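Here is a report on helix packing, pockets and cavities. Please keep the model open while reading.

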Amino acid sequence: MPKSTDRLIVGNWKMHGFSAALAEISALATALAAGEPPRCIVVICPPATLLAEASRLGSMAGILTGGQDCHPALSGAHTGDLSAAMLKDAGASYVIVGHSERRADHGETSELVRAKAEAGLTAKLIPIVCVGETLAERDAGRAETIVLDQLDRSLPDDAAGRKVVVAYEPVWAIGTGRTPTDADIAAMHLAIRQYLVTRFGAAGQDLSILYGGSVKPANARTILAIANVDGALVGGASLLASDLTRIISAV
Ligand code: PEP
């Protein structure tokens, strides 16, 4: 089981990648083996169709895998859905819950996200709970209120004990090439840290807070050096092993 004190780089492939994309995991493994040992845990969240094979390939190189979503129930009549236990069975160690694309595309509420995170914990996966404001909310000066409210309602009560990862992903930065200023990232991550300590006590210091939203090889070093940024959730730049390797070596 990874320690929460380790830094994390998580690649979210979203709905990209056929079986040929597995070559990127092999290429990543080769690149990581050729360089210095990564100073972080590396996690790839491929489409569910590739999860089992990605897990098999990754396990030979110390690369972990995660699902991109799970159903809140352990099993049952839920056509088309996957349970957290199924992800675990396919080799996953993590599961992303509450990504803004799921909140927007599927109307997922924070209460549902919390139930999914709890299902992940029950299946012994580490949930990566995503939160983030829209541009309109930021422009209205409500970014922090929105993010802390999402956290309040999305995080399970037993998130302490280092079993949950938080990912701050401003919706307007995802896939757009735009990022908040370093000062804005620092301010939000500090606010999240203070919230976690208030809610979970000292254990809140140990929960990892990832930044996500247009992290690229060119900006990774700067973003990862910001206080309370414990790693990154990377979308587009995780699809090519060459880009992801550069982000990993920026840790
Ligand atoms: C994401 O999908 O969580 C994400 C941050 O995407 P991108 O890096 O492409 O902005």
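Is the crossing of H9 and H10 left-handed or right-handed? The crossing of H9 and H10 is right-handed. (A crossing is left-handed if the near helix is turned anticlockwise from the far one by less than a right angle, and right-handed if clockwise.)

## Basis

This is a predicted model, in which local features need pLDDT of at least 70, side-chain atom pairs count only at pLDDT 80 or more, and totals for chains, interfaces and linings use all residues. Residues are numbered from 1 along each chain as its sequence is written, and side-chain values use heavy atoms, with hydrogens and water left out.

## H9 and H10

Helix H9 covers residues 217–224 and helix H10 covers residues 241–248. (Helices are DSSP runs of H or I, at least four residues, numbered from the N terminus.) Their axes lie 8 Å apart, at an angle of about 25 degrees. (Axes are lines fitted to C-alpha atoms over the stretch in contact, and angles run from 0 to 180 degrees between N-to-C directions.) H9 is therefore roughly parallel to H10. (Angles under 35 degrees count as roughly parallel, over 145 as roughly antiparallel, 65 to 115 as roughly perpendicular and the rest as oblique.)

Pro217, Ala220 and Leu224 of H9 make the contact with Asp243, Arg246 and Ile247 of H10. (Contact means heavy atoms within 4.5 Å.) By class, this contact of H9 with H10 has four nonpolar, no polar and two charged residues. (Ala, Val, Leu, Ile, Met, Phe, Trp, Tyr, Cys and Pro count as nonpolar, Asp, Glu, Lys and Arg as charged, and the others, Gly among them, as polar.)

## H1 and its partners

H1 and H10 pack at about 40 degrees, with their axes 9 Å apart. H1 is therefore oblique to H10. The crossing is right-handed. From H1, Glu24, Ala27, Leu28, Ala31 and Leu32 meet Ala241, Leu244, Thr245 and Ile248 in H10. The contact of H1 with H10 has seven nonpolar residues, one polar and one charged.

Helix H1 (residues 22–34) also packs with helix H2 (residues 51–59): the axes come within 9 Å and cross at roughly 15 degrees. H1 is therefore roughly parallel to H2. H1 passes H2 in a right-handed crossing. Leu22, Ile25 and Ser26 in H1 meet Glu53, Ala54, Leu57 and Gly58 in H2. Here the residues divide into four nonpolar, two polar and one charged.

## Cavities

The whole structure holds two cavities of 30 Å³ or more. (On a 1 Å grid over the protein atoms alone, a cavity is a set of points where a 1.4 Å probe fits but cannot get out, and a pocket is an open set with protein on both sides within 12 Å along at least five of seven lines; lining residues have an atom within 4 Å of a point.) The second largest cavity has about 30 Å³ of space. (Grid points are joined across faces, edges and corners, and a volume is the space filled by probe spheres set on the points.)

Residues lining the second largest cavity include Trp13, Ile44 and Ser238. H1 and H10 each give two or more residues to this lining. H1 gives the largest share, three residues. By class, the lining has seven nonpolar, one polar and one charged.

## Pockets

The largest pocket has a volume of about 530 Å³. Its lining has 21 residues, with Lys14, Met15, Gln68, Asp69 and Arg102 nearest the centre. Helix H4 (residues 100–105) gives the most to this lining, three residues.
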